[in-house]
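Here is a short tour of a structure, for a reader meeting it for the first time. Take a look at the chains, then read on.

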Amino acid sequence: MSQTGIIPEFVRRQSFIELDGRKRAQSLFDEGTWKELVGPFDRMESPWLPLQGVAPQFDDGCIVIKGKIGGMAAVAIALEGAFQGGSIGEVSGAKMTAALDLATKDSKTGKRTAAILLLETGGVRLQEANLGLAAVAEVISSVLALRPHAPVITLIAGTVGCFGGMSLAAGVSSYVVMTREARLGLNGPEVIEQESGIDEFDSSDRTLIWAIHGGEQRVGMGLADALVEDDAGKIKATIRGYVQADLPLEYRSEQVEFYRDRVTALDTSEQINPMSLRQRWSNKTTGGLQ
Amino acid sequence: MEQIEFDYPAAKRSITKRAHVGVVGSGDMEVLMEPTQSEGAHVSITTSVDGFQSTWKAVFDRFFSKFDGAVRVQINDAGATPGSVMLRLEQAVEVINQ
C-alpha cells in the first residue's frame, strides 16, 4: 500500500489553528502580493501595560496585512490570541480601526477592498479599561462604515474563540466563518458561571460549552455563515469565496424584530436542547454562501 | 517587570537582515534582531518576571560565544525558560542567515 493510502488526510493537512496570528493572516493572501503594515519593527507597543508590570508586544498583538485575495484587494487584521488573550487595547484597536477606515476610503473611490478580521480574543483588555471599550466602539463603527462598500469577513478559527466586545464586531460583519474548534459568544463560559452560578453554566463542561458557543452550533443556528475544517487550504478557499462574493442583501444585525420574535417564541419552561434549536433556527436567513 | 541591558562589544560582524520571531505568550517571548550602526551587539530585555538578571546574562554569554553579529537585540518576555530563550534566539539567527 502506498504511503499516502496509510496516512489519513487529517494528518497531512496544514492546520490553520496551529499557526500564529501573523502566519494565519499571511496564509490567506495570493502568493507574493502581501505586505505587513505597522509591523513589529515599528514598535507600536501599548504604553499602558509596562506601567502595570506586564511585558508589552512590539505589534500590540494586532497584525495588519494588505494584499490581494483571488486578485482582489483585501486587508486582513489578526488578533494574536497568545498575547494577553488576544485582548483589544488602545494601540491594537487603533490599528484595527485605521486599517478598516483605509479599506473604506479605497472602496469608496472605486477600489473595493474587503476586510478579514481574524478574531481570537476575549474582548477588551482589562488593563486598558475605557480605552479598550472605546476601541471596540470605534471598530464596530468602522465595520459598519465599510460593509456597504466591501465585505467584512470575520474568521474565528480557535482555540481562543471570540468573546466580549469583539463578538459584537463579529456580529455586525458581513460574513462569519468558523471552525468546529472555534467559539463565539458575548459572555464567555467563566463569566456566565461567575455571574449566574454553576447551575446556570458549568464552565468546566467542555461538551456543554461547545454545544452552545461552538462553531458547528453557531453555523447551525444561523449566527455564522460557514463551517470550515481546520485546514489552511480550505480556509483560504472559503475566505476567497467571500472576498469575491456580493454583499449580503440584509445583515443579521439589522433584523432586530426577526431575532426578537425568535427569542420570544422560545418555550423556556423546559430545558432547550442545542440540537432542536439548530433545527428550528436553521441557517436560511443569513445570505451565506453555504 | 524588569528592564535588563547587556553589551557585547566583541560581536562585530556586519549583518544586513533583520528578524522578528516569537510571541509574548505565557512561557514564551518575542525577539527583534536588527543590524546596528554602532560597534558590537546590544541587548535589551523587558521581562515580566523579576530577579533573573544573572540567568539572562548566562544565556547571552553562551549565545554570543558562538554568534558574532553586530546586532541590536530587543526582547519582550513573558516568562520564557532559558531553553526557550536560546531556541528563540537561534530561530532569529536562522532568519537573519537566510
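## A helix pair in chain A

This is a predicted model. In chain A, the axes of helix α5 (residues 129-146) and helix α6 (residues 165-172) come within 9 Å of each other. They cross at roughly 5°. Angles under 35 degrees count as roughly parallel, and α5(A) and α6(A) are therefore roughly parallel to each other.

Which residues make the contact? From α5(A) come L133(A), V136(A), V139(A), I140(A), V143(A) and L144(A). From α6(A) come G165(A), M166(A), L168(A), A169(A) and V172(A). Of the residues in this contact, 10 are nonpolar and one is polar. None is charged.

## The sheet of chain A

Chain A also holds an open sheet of seven strands. The strand order is β1-β2-β3-β4-β5-β6-β7, and the pairing is mixed. Which strands stand at the edges? They are β1 (35-37) and β7 (226-228) of chain A. Each has a single partner strand, so one side of each is left without a neighbour in the sheet. From one strand to the next, the twist averages 25°.

Look at one pair within this sheet. Strand β2 (residues 62-69) and strand β3 (residues 72-79) of chain A run antiparallel. Eight bridges join them. Opposite G67(A) stands A74(A), a residue of β3(A).

## The sheet of chain B

Now turn to chain B. Here an open sheet of five strands has the order β1-β4-β5-β3-β2, again with mixed pairing. At its edges are β1 (2-8) and β2 (19-22) of chain B. Each of these pairs on one side only. On average, neighbouring strands of this sheet are turned by 10° against each other, direction ignored.

How many bridges link β2(B) to strand β3 (residues 29-35) of chain B? There are four, and the two strands pair in the antiparallel sense.

## Helices on the chain B sheet

Helix α2 (residues 82-97) of chain B packs on the sheet. It touches β2 and β3 of chain B. The direction of α2(B) makes about 145° with that of β2(B).

Helix α1 (residues 53-66) of chain B lies across β1 and β4 (41-47) of chain B. It runs at about 30° to β1(B). Thus β1(B), an edge strand, is one of the strands that α1(B) lies across.

How values were computed:
Residues numbered from 1 in each chain as written. Chains lettered and ligands numbered in written order. Predicted model: local features only at pLDDT ≥ 70, side-chain atom pairs only at ≥ 80, totals over all residues. Pairing = 2+ DSSP bridges. Axes fitted to C-alpha atoms, helices over the stretch in contact; angles between N-to-C directions. Contact = placed C-beta atoms within 7 Å. Parallel < 35°, antiparallel > 145°, perpendicular 65-115°, else oblique. Nonpolar A, V, L, I, M, F, W, Y, C, P; charged D, E, K, R; others polar.
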